[in-house]
Amino acid sequence: MSVKEAELHLGEARHEVPHLGEQYETIEQQNDAYTIGMWAFIVQEVLFFGGLFASYAIYRFKYLYEFVAAHHTLSVPFGALNTFVLLVSSYTMARAVRAAMQQKHHKQLKYLLWTIFFASIFMVNKYFEYSAKYHHNLIPNQSYSAEEVIHHNHLKVENGMVDLGARKVPLEEFEGRTKLFFSFYFIMTGLHGLHVLVGIIVLSILAARAYMDWKRKVPHADYMPVEMTGLYWHFVDIVWIFLFPLLYLMGGQ
Amino acid sequence: MATTATHSSQERVNYLNVRTTVASWLLTMDHKRIGILYLLGITFFFFLGSLAAAAIRLELATPKGDLLSSDTYNKMFTIHGVLMIFFFLIPSIPAAFGNFVLPMMIGARDVAFPRLNLLSWYFFMIGGVLATIALLKGGIDTGWTFYTPYSSAFAKGEVSLAIVGVLLVGFSSIFTGINFLVTVHKMRAPGMTWFRLPLFVWAIYATSLIQVLGTPVVAITLLLVAVERSLGIGIFDPNRGGDPILFQHLFWFYSHPAVYIMVLPAMGVISEVIATFSRRRVFGYHFVAFSSLAIAIIGFLVWGHHMFTTGQSIYAGLAFSFLTFLVAIPSAIKTFNWMATIWKGRVHWDAPMIYALGFLGLFVIGGLTGLHLASLATNVHLTDTYFVVAHFHYVMVGGAIMGYLAALHYWWSKMTGKMYPQSWARLAALLVFVGFNLTFFPQFILGYMGMPRRYHSYPEEWWALNLLSSAGASVLALGYLLPAIYLVWSLKYGTAAGKNPWGARGLEWELVDALPSPHNFERTPIVTRPAYDYAHPEEPTAIYPTPRPVFAGGGKDG
Amino acid sequence: MAQHHREEHTHAQPVSFYAKTLWVLMALLVVTVWAGFQKMPDWFGIAVALTIAVSKATIVILNFMHVKFSSKLAWLFAGAGFFWLIIMFAFAFADYASRHWEPETGW
């Protein structure tokens, strides 16, 4: 860029935009910075969850039969329903972002509330799933018992050995390894649930702001908070897109 | 910005005198003030970590374990490792100097996300305080690596609290990384193309990549250890079906690249200092720039070399060994280019340059001994001996701290407006260099003879070398104390430094005053020349655009 | 007027675009559940489930997260995380998969 061009560029950029941060020259620069920053944040989230996925994959590789047996105790209909709910919430989120870009705050509010609604359904479902696990003693703490896993898969236990078809495993080891599965199940879905919860909180704040913008009837040009929350929300959806088949489906029926 | 106008008649407004209340510091979003806050924080943790090091060297001055019990000794090296690595080395150059000078170097008023920047300092401080509480209250004896199953199933004490502290500083590091990545991408002044960037910026960019890509993995891993301790699940406990080697895989996926978080920024500083004091453009600019990225990327492919003797598959070991040798290539590219820069340069022997030369010597020794450890067969002999201890101290202390001290001496005048006494600074640099070699070179020999690390007593025949090492440590300590004294002294009695005391090129020297104004520049500058343009002294690196008429309500940046 | 100017810079797409995306995702969801109940070797089941999951994630990233319409830089950042994840998986698995291989004698 020549000096002349740069001077021109800087001069042009000085028109008033109320939400332009003082460290930025132009609103495009600010929006780009937010987008790239959010993506960098998502990159770190990918690797944060990635460490868990890698550990889970390695244990599934090591203890295939025990993990498959434990897989079967999870409810596919529940998992599928939750996937459905999150995918729809991603759609409503995308619509909310679109409405924010067009400064149609009533629509924006409506779609934000839908997103919160679906996210809440997801959490309610998770609550039911967790409490079912609790009733079957599948919470991986001191009171954990693999009885439900054995019962559910109709496995035979003889002389303290669990018959897994392909091989026999001592009951104690079977307990330890299925407990590992549930440790991962709870840590992965728990961390994901925490992200959903954070999402609900942020979405609620955005909804309140959208409500005020709508009431005031003043178009609000800064759609970036909604768009960035959208990126986050879609990422949470993506995590579940992987969690669902890995935990619920890949049981080798 | 109304204050700017009223002040300027008597005293120029700078980032320090613009506001002086405590709240103005604790809530500041000025990258320079946050840099200073970091500098104070890391100095504090460096001091604590050094005390632990002193205790270790005192104990090892005699063969018998007489001064410290083995338990206390374990806690001491854990304190030393945790504080020095997580709370000094990792944030040192990027968070303190990166914050202070990086936005100036690229012609920006601030980083892209000032609020996130402040948040990351708070994460750092809270994490540091929690870890310090954990280390003092009963202490932990896991070593800085928190190896399982010891840390998860056996170790008593405040392991979980320390882990929470490390987690927080980890996220602080991630936030800083995100901030710098976006800043370098989006905040460069017009005309500041990628290949006009100072090499320090390239180095910080590569460092930020590692911070963002690696740190979350160690965060989740340590989180698992903490969960394992509190809930009694067995992800890393072989008794319960877990796999401790998996912990090492995940831990070193971050922690090996983390050594490049420590040394890459130092390399960036060395590029700046060598160019300035040789009055010459860094030889092979493009190679030095890309070698930073190469180190960051290859650094992620070598972590298994920490696990050659753990039961990792030997085939994986072969691959990791080979890839480890590859890191030598970009490191050597840098070293040779720096030497080529000095050769035929007009060398000025100011204190930062002495530190930089010290860096070169120590880093070369540290790097070359790394090759002994990368090779499978010698690694089996040298694992967990003092050879390893000496090697990583040469890289992390010899490399990173020399770089840190070089940076401190180089940008001190910009930060404080004062100049320290040169002769004392040269003497301190020399003391650090000599003291460092006295301390750690004997440890190579000790390690080669088979002395294992992490024991508080050792056989009589290693006494002489250990005593030499402890004696060297006191010289080293003196070398660290001296700067602390004369730098603080210079705050009050130092001569006022001008804008550009070194005659250096670069935006932060040519356009920004010593004690920069709150927004660094009068207006956004336009960059017209590449970095280190010493060949054209008459051409400024950047100019201010001709002022435009200010519209009503405009002129946000003052 | 100002509004028109703004919209040119946003990635807002027609409603039908988002609706179609949702339908494709739903179809993939049905397919993956159906595939999960079929009898097939474990490795094949993994391959099928992961292929579908990756497709779904890619669709979400490109269409809902607007990467399709974003700068090269956004592509780069979106890709980097997944690329590094693959590095982690590949190298960690290289260890576990080859741990029981017998070394060749006389090497």
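Select D384(B): it is exposed, with 12 other C-beta atoms within 10 Å. Exposed here means 12 or fewer such neighbours, buried means 20 or more, and partly exposed is anything in between, with C-beta atoms placed from the backbone. D384(B) sits in the loop between α13 (376-382) and α14 (386-416) of chain B. Helices (H or I, at least four residues) and strands (E, at least two) are DSSP runs, numbered from the N terminus. Its phi is positive, about 60 degrees, although D384(B) is not a glycine. Most residues other than glycine have a negative phi, and most peptide bonds are trans.

Before moving on, some housekeeping. This is a predicted model, in which local features need pLDDT of at least 70 and side-chain atom pairs count only at pLDDT 80 or more, while totals for chains, interfaces and linings use all residues. Residues are numbered from 1 along each chain as its sequence is written, and chains are lettered from A and ligands numbered from 1 in the order in which they are written.

Now hop over to N159(A), in the loop between β1 (156-158) and β2 (161-163) of chain A. N159(A) is not a glycine either, yet has a positive phi of about 50 degrees. Is N159(A) buried or exposed? N159(A) counts as exposed, with 7 C-beta neighbours inside 10 Å.

Back in chain B, pick T148(B) and P149(B): the peptide bond from one to the other is cis, with omega near 0 degrees. You'll find P149(B) in the loop between α5 (114-136) and α6 (150-154) of chain B.

**Second stop: chain A and one of its helices**

From the N terminus on, the order is α-α-α-α-α-α-β-β-β-α-α. The radius of gyration of chain A (taken over C-alpha atoms) is 24 Å, well over the 18 Å that the globule rule gives for 253 residues, so chain A is more spread out than a compact globule. That rule is 2.2 Å times the number of residues to the power 0.38. Along its principal axes, the C-alpha trace of chain A spans about 85 × 45 × 30 Å.

Next, select residues 105-135 of chain A, which form helix α5: its 31 residues reach 45 Å from first C-alpha to last, close to the 45 Å expected at 1.5 Å a residue. (The expected span is 1.5 Å times one less than the number of residues.) Among the buried residues of α5(A) are H105(A), Y111(A) and F122(A). What do the buried residues of α5(A) pack against? They pack against α4 (76-101), α7 (171-216) and α8 (224-249) of chain A.

**Last stop: where chains meet**

Select A40(A) and look around: I178(B), L181(B), V182(B), V212(B) and F77(C) all touch it, not counting residues up to four places away in sequence. Two residues are in contact if their C-beta atoms, placed from the backbone, lie within 7 Å.

Finally, show chains B and C together: 14 residues of chain B are in contact with 12 residues of chain C. On the chain B side, α11(B) gives the most, with 4 residues.
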